[in-house]
Protein chains: 2
Amino acid sequence: MKDASRRRKQELFEHLKMCVMTQRLQPGTDLDEATLSEEFKLSRTPLREVFRQLAGEGYLELRENRGARVSGMSYTTLRDFFLAAPMVYGAILQLAAKNAKPEQIDRLKNAQKEFKIALRSGSGADRAMSNNLFHEITGEMADNIYLLPSFKRLLIDHARIGMTFYRPQDANMAENLSVASAQHDAIIAAIEASNEAAAGQLAIDHWNLSRDQIELFVTPAGLDLPLGSMARKTPA
Amino acid sequence: MKDASRRRKQELFEHLKMCVMTQRLQPGTDLDEATLSEEFKLSRTPLREVFRQLAGEGYLELRENRGARVSGMSYTTLRDFFLAAPMVYGAILQLAAKNAKPEQIDRLKNAQKEFKIALRSGSGADRAMSNNLFHEITGEMADNIYLLPSFKRLLIDHARIGMTFYRPQDANMAENLSVASAQHDAIIAAIEASNEAAAGQLAIDHWNLSRDQIELFVTPAGLDLPLGSMARKTPA
DNA sequence: AAAATTCAATTTGTATACAATAAAAAAATA
DNA sequence: TATTTTTTTATTGTATACAAATTGAATTTT
């Protein structure tokens with residue numbers, strides 16, 4: 001009887017994680033205890049414990065007497081993100097190349113397989129979640145409790161950024177994704193070969209690609225039409 | 001009336017943090033809900049929320065149906081620690097030099113003043129806590145939410161390692177502390193001058209000093225006495 | 001006597017009731 | 001009518017009661 005509520009609690013936990021990462025719950029969204037409590041057939045006590053834990057991991061923010069909300073994302077955080085990501089992920093991948101166990105490499109290959117499937121047929125959310133799993137496994141491989149907290153925090157926003165700044169209609173962006181997939185393959189190879197240097201470099205390349213994708217979003221290719229009246233001669 | 005219990009909750013939170021960092025609660029210690037509940041005049045509900053939050057920040061570990069315990073420390077974690085610390089702290093200090101605000105620099109100088117006082121007259125715990133405050137302020141200066149989680153996790157064990165591997169009787173260790181204090185001064189200077197490169201280098205020096213201190217503990221200077229029967233001539 | 005099993009005691013987890021705070025709506029004042 | 005104040009409603013936080021699980025002792029079995 002209690003086993004069931006324990007399961008529901010875990011489900012809520014995973015559900016909220018997923019919703020945050022896929023932007024089904026956008027940054028800044030307020031969460032209602034009563035509603036979730038009813039939806040997941042959980043009393044408020046365990047529900048609030050889930051909130052606390054998610055807040056600890058960076059998914060939510062708790063405000064005194066004012067409930068939980070999804071962690072915010074601003075242009076400042078975006079800048080902070082690309083400052084920290086190459087470094088932390090570079091370290092994680094180097095350590096992964098050093099410490100990965102065969103069983104973990106198997107799982108990483110499997111995650112990459114899933115990622116490729118999601119690339120073809122899946123939704124944006126599927127893509128983000130399978131990509132996230134890939135990276136989470138590299139974090140597990142690195143096996144350093146002092147780097148993991150920041151790494152996991154980065155992964156949350158990596159997923160969210162991916163969901164925000166991707167338009168499947170854009171050919172450049174589709175191309176970007178297949179490059180990302182190729183990089184995953186190269187990462188697997190570097191880890192399997194215990195090539196720390198290569199893994200570290202791939203991490204940097206991988207994040208630079210993410211940055212490029214955002215630039216494609218922020219600075220789209222110019223329309224191929226003259227703007228008529230707005231076009232004027234350069235002064236002589 | 002509720003304001004009071006809110007304060008007790010905060011007190012419990014800070015108290016447990018302090019106990020973990022100063023090793024008054026050693027790694028692996030089990031925490032008893034009932035006892036703490038009575039001691040701090042708090043019901044178990046808010047108490048458990050505190051546990052969750054502390055677990056999220058790395059102070060405690062929660063085990064299903066088996067209560068909370070103080071996060072463990074092993075020789076593996078020590079190795080992980082010195083692998084991650086120079087990198088993360090290097091980044092934090094570089095960013096601190098870049099972003100520190102005058103008000104923060106004032107507080108940092110003040111923290112250093114307190115640290116020096118603790119060095120002279122304070123207990124080991126005072127020393128650890130004032131040193132911790134110094135570093136926490138640098139983290140605040142860096143102002144990057146993606147690096148902070150790992151940084152804070154490192155600071156917990158930095159304090160614990162300091163408490164574990166320091167013997168005030170040892171002249172070398174006392175000397176180490178005054179070097180550490182001088183490094184703090186240099187860090188303040190680098191931050192005030194916005195000298196990122198210097199700040200980054202100082203971070204590495206600072207953590208190398210911590211590592212040296214552990215080596216002094218693990219490999220003490222040989223006793224200055226011949227060991228009698230154990231001394232034997234080298235074979236010709 | 002050693003190992004396994006059962007039973008009691010302790011401890012952890014969840015639900016519900018109540019208290020306190022914040023938000024919203026209604027009434028009163030300018 | 002706009003603004004302030006009061007009242008009502010909704011939401012958050014805490015305490016307590018109960019249910020489930022774990023631990024340890026006592027009993028039984030081999």
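1. The largest nonpolar core holds 97 residues, of which A:Val88, A:Ile92, A:Ala96, B:Ile92 and B:Ala96 touch the most other members. Such a core is a set of buried Ala, Val, Leu, Ile, Met, Phe, Trp, Tyr and Cys residues joined through C-beta atoms within 7 Å; buried means that 20 or more other C-beta atoms lie within 10 Å of a residue's own, exposed means 12 or fewer, and partly exposed lies in between, with C-beta atoms placed from the backbone. Helix α4 (residues 75–99) of chain A gives the most to this core, with 12 residues.

2. This is a predicted model, in which local features need pLDDT of at least 70 and side-chain atom pairs count only at pLDDT 80 or more, while totals for chains, interfaces and linings use all residues. Residues are numbered from 1 along each chain as its sequence is written, and chains are lettered from A in the order in which they are written.

3. Beyond its neighbours within four places in sequence, A:Ala96 is in contact with A:Thr138, A:Met141, A:Ala142, A:Ile191 and A:Ala199; contact requires C-beta atoms, placed from the backbone, to lie within 7 Å.

4. Chain A is divided into domain 1 (2–70) and domain 2 (75–218), with bounds from an automatic or database domain assignment. The contact takes 8 residues from domain 1 of chain A and 11 residues from domain 2 of chain A.

5. Phi is positive, near 50°, at A:Lys41, a residue other than glycine. Most residues other than glycine have a negative phi. A:Lys41 is exposed, with 11 other C-beta atoms within 10 Å.

6. B:Asp143, also not a glycine, has a positive phi of about 55°. B:Asp143 is partly exposed, with 18 other C-beta atoms within 10 Å.

Notes:
Helix = DSSP H or I, 4+ residues; strand = E, 2+ residues; numbered from the N terminus. Contact = placed C-beta atoms within 7 Å.
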